[in-house]
Structure formats: C-alpha cells, structure tokens
Amino acid sequence: MSSSVSRRRLLTGAAGAAGLLLIGGCSRDPGAAVAPGSDAVRRAEGARTTPGGRLVSAKLTARPVALDLGGPIVGTWAYGDRVPGPVLRARAGDRLRVDLVNQLPAETTVHWHGVALRNDMDGVPGMTQDAIASGGSFRYEFVVRDPGTYFYHPHVGVQLDRGLYGVLIVDDPDEPGRYDAEWILVLDDWVDGTGRTPDQVLESLGGPGLDRNGMGHMAGMERAQSALLGGAGDVTYPHYLANGRVPAAPVTFTGKPGRRVRLRVVNAGSDTAFRLALERHRMTVTHSDGFPVRPQSADAVLIAMGERIDLELTLGDGVFPLVATAEGKSGLARAIVRTAGGRVPPASQEPAELERQVVLASQLRAADAVRLSGKKVDRTLDVVLGGSMMPYRWTINGKTFPDTEPLGVEQGERVRLRFANHTMMFHPVHVHGHTFGLADGGARKDTAVVRPMEILAVDLDAGNPGQWATHCHNIYHAERGMMVALSYRQS
Ligand code: C2O
Ligand code: CU
C-alpha cells in the first residue's frame, strides 16, 4: 500500500507535478501539464460525442469472494461473484456510465484498457483521479468512440492479478457481421487464494526465495528457450484459466459444423503470454487490440499480457480443445469447442497447431481504414526499459515510477515513442488513451511486445489531451517502477 500512498501524494501535490515537467529533457520550453480536469479534456470529449449515442449504464461491485475455479476453491477479489466480471457492451458513440462500488478492504480504481476515453475517467490513481477508498464509490462516465474488444481492471498495485477483470466490447454499428456466433475467451494466470496473494508474490520477487520462473524448474527452462517472445515472465503460477476455469473443468462453446465464429480473446494475465490454437482448425486474425488488421490466417496466435486478438473460425465436426499454453512456462489454459457428440480430450492434450504457423501481432498489417496517415513525426521520445532482478526493480529512462521523467507532448503532434529494451525480458508496453501504429503500416495497437534487447518504434497522433500512464503490462514490472506519464503540455 505504500506506493499508493506516495501516488496519492503526487496527485495532491499538483505544483510538484508541474515542477517535474519543467525539468523534463526537452529542447523547447515545456508548458504546464494539461490536467485531467482541464477544458482541453472536456473539449476532446465533446468532439467524441455524437447525437445518436445512447446511455449504457452498469454497476460493478468490487468485493472479496470465494470462487470455484472448477475444483480449486480460492478466496479472491472480484467484480460481483464471478471471474471474469460482467461483459460490458456498448455501441460506438454510446456513453458508458459505470458505478463502481468498492467493498474491498483496500482502495481501488477501474481502468478501461485500450479505450481512447476522456482523461479524467482513465482510472489511474495519482495521475487522473484519487483512488476510491474502501467503502467508497465512483461514477465512471465517458463516450466510447472506437469499436473493439477491450477490458477493464483496477490500476492499483497488483490487484489485476486477483479476479478483478472483465471484458468491454464496443460494437461497430457499420460492421457487416460475417459470422454466425461470437465467443469470448479470457485467459489468465492464477495464484490468488492458493496459499499466496499477488501482494505476497510481489514481496517475494527479488528476495531470497526467488520466484523466478525457470530457476529450479528444468521443464520451464527448456520451454523458456523456445519462447517466441524471449523470456518467460517472473512468476510461477499454479493455474492457468480460460474464462475462470482450470483445464480439468473447462467451459464448453457449442456450435454447428460449418458455422463461422468470431472469437474475441483477451489476455488478462499479469505475467504470462499465451500461445493459442484450436485443434484441427485454422483461424483468421481479424483484429488486434480492437482495431482491424488485414485478415491473416494462422494455426496459432501469440497474445501477450494486455493484448486482445479477434479471430474468425469455421467450425469442424467434433470435440476440439481450444488450448492456450503459457509461453515459456509449463502449463496451459483451455476451453472445449463442441459441434458433435464425443468425449472431451484429456486436460494435457496440446493441439499440434501450437507448433505450426504461429502469428505474432508484430507480423500483422493494419487494415487500410485504420492505417496511420503519412504525416511526418514531430517529436521522438526515447523510452529505455531497464531493470534488475536483485533488487527487483524495473525502470524507464533509468528511474522507477513515480520518479520517472514524464514524456512531454503537445496536442496535434505526431509522436514517435522509441522503446529500447535493455533487459533480457520481454515487456508488453501499453499506452493509455491512444492507439499507436507499428512501423510501416503495422497493426494499430495499444499494447505491443518489446523483445529482449530490441528497439520498437511506435507512432501515435497526440489527439487526446491529459496525463496518460504508459507502462509495461507485466503488472509486477509496472508495480516495481516500469511506468511513466505521457504528459500533454500546454503549447
Ligand atoms: Cu491494462 Cu495501465 O493498463
Ligand atoms: Cu515488463
């Protein structure tokens, strides 16, 4: 909790935050920070508002629950009594109003991952709002402009690694809908209530009882070597879940042979990338992080923490495991796809497709409609990712949040973020409030993997004023410092 205390101090010390900006390493004289509650933020929201938009209301109650994972019963924190939490669904142009009631014994917030929303509703304590106290509540209200598959989760500590997550879908009223059914698959790595809480895991990292995945786990180590992203995360998990269930008690999706299915996949894991395949099927990737890509066929896809992928499938005849292996680790999550009678395959069965054509988000191309324009880059910002295991700390440009120097930008600029990974771990970097483009017409995304020792440049249009968290979506890395503000300044 000590870090949330210091973040709150940062928020109340508004003058202090402005002071930090003044010593930022930019050649031009930076203006004052554009605050979450500023006119610029209200104007941007006004521009997103469309006359035909409806009001979509929901209530989320964050609270402690006893949860059945399909065998193991765990004590955890969830939105309501299920994990994942309720699916929230709106149409592009609608206004979403969500009342969060905090019945947790801790403060919390809700962040709307991937949504380009108004800054003061982004849910980052110390940056866009005060944390919601235990027993308190908060009304989130914002217009959703861009269709896509999103999710929501707290932005306090390592609460995401409990059961606090759910899917938010923004439907596109203009989409043809070339599929007969839609399924939602949420993947997660699970430890809470199995003897340790995520907070205890965080404390143990870098300590003498090193929780480093792979060390002392030969099987894990071999897998780590073949991992496509490089590295395998820091935490060893007892369970991997698909829609809240362990592999021995999977959820079943049913359909008819020959039907076309849209599968929306969210990786809500905190420290695990997944490799996903459906046995004896090929799939077509249609969206990455909610935005359309040129259709790309694949046997398997890789999906890092915080990423979403939409797939289309044509169902075969039979009973098929839909398997997500923990990349570089031992273990898997799975669901069952059933279009005929027959037995459920054993929980350990891995589709051969997992080792065939595996598509990574970095290989996708943006659909023409969402390709970034050819505008020239106005500002390039270097974001060096560093860190160490002992002590366990992760840095941006040499500092840990909240001491990281904000990345100053001005509204209207084309900004290039150059992430340089100086570590031997992969980091899925996530930018709030924006969707960036990968180089040379690559996919539009809000979360992208930077592999060990790699430099990844992404471009974005600074069109959503405010203060935006930018961080690694390995939640243990973010909590131990790998976070910075993308900070709009007055021009
Ligand atoms: Cu999914 Cu800053 O978050
Ligand atoms: Cu990281």
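Let me start with the salt bridges. Arg 89, Asp 171, Glu 175, Glu 182, Arg 262, Arg 264 and Asp 310 are linked in a network of them. By salt bridge I mean a side-chain nitrogen of Lys or Arg within 4 Å of a carboxyl oxygen of Asp or Glu. Side chains of opposite charge can pair when their charged atoms come close.

A word on the source. This is a predicted model, where local features need pLDDT of at least 70, side-chain atom pairs count only at pLDDT 80 or more, and totals for chains, interfaces and linings use all residues. Residues are numbered from 1 along each chain as its sequence is written, chains are lettered from A and ligands numbered from 1 in the order in which they are written, and side-chain values use heavy atoms, with hydrogens and water left out.

Take one pair, Glu 182 with Arg 89. Their closest N and O atoms are 2.7 Å apart. Glu 182 sits in strand β9 and Arg 89 in strand β3 (residues 88–91), so this pair links distant parts of the chain, 93 residues apart. Strands here are DSSP runs of E, at least two residues long; helices are runs of H or I, at least four; both are numbered from the N terminus.

Are these two buried or exposed, or in between? Glu 182 has 24% relative accessibility, so it counts as partly exposed. Arg 89 is at 34%, also partly exposed. The cut-offs: buried is under 20% relative accessible area, exposed is over 50%, partly exposed is in between, with a 1.4 Å probe and protein chains only.

The structure holds 37 salt bridges. Two further examples. Asp 146 pairs with Arg 145, closest N and O atoms 3.0 Å apart. Asp 146 counts as buried, at 17%. Arg 145 is partly exposed, at 42%. Then Glu 405 pairs with Lys 399, at 3.2 Å between the closest N and O atoms. Glu 405 is partly exposed at 25%, and Lys 399 is partly exposed at 34%.

Next, the core. Nonpolar side chains tend to be buried together in soluble globular proteins. A nonpolar core here is a set of buried Ala, Val, Leu, Ile, Met, Phe, Trp, Tyr and Cys residues joined through side-chain atoms within 4.5 Å. The largest one has 122 residues. Which residues have the most contacts inside it? Trp 112, Leu 185, Leu 417 and Tyr 476. Strand β9 (residues 181–190) gives the most to this core, with 6 residues. A second, separate core has 14 residues, including Leu 229, Val 323, Leu 332 and Val 358.

Look at Leu 185. Beyond its neighbours within four places in sequence, Leu 185 is in contact with residues including Phe 253, Leu 263, Arg 264, Leu 276 and Leu 322. Contact means heavy atoms within 4.5 Å.

Now the sheets. One open sheet has 6 strands, in the order β11-β19-β18-β13-β16-β20, with mixed pairing. Its edge strands are β11 (252–254) and β20 (358–359), each pairing on one side only. Two strands pair if DSSP finds at least two bridges between them. Inside the sheet, β13 (residues 274–278) and β18 (residues 319–326) pair in the antiparallel sense over 5 bridges. Arg 275 stands opposite Thr 325 in β18.

Elsewhere, look at β24 (residues 414–421). Of its 8 residues, 6 are buried. Strand β21 (residues 379–388) runs parallel to β24, joined by 7 bridges. Strand β29 (residues 455–461) runs antiparallel to β24, again with 7 bridges. Arg 416 in β24 is the bridge partner of Thr 380, and Asp 459 in β29 is the bridge partner of Arg 416.

On to the metal. Which residues are the protein donors of the copper ion (ligand 2)? His 427 (ND1), Cys 472 (SG) and His 477 (ND1), lying 2.0 to 2.1 Å from the copper ion. Donors are N, O and S atoms within 2.8 Å of the metal (3.2 Å for Na, K and Ca); water is not among the atoms, so sites may look incomplete. The spacing in sequence is H-x44-C-x4-H. Cys 472 counts as buried, at 1% relative accessibility. His 477 is buried too, at 0%.

Last, the whole protein. There are 6 helices and 31 strands. Buried residues make up 59% of the 491.
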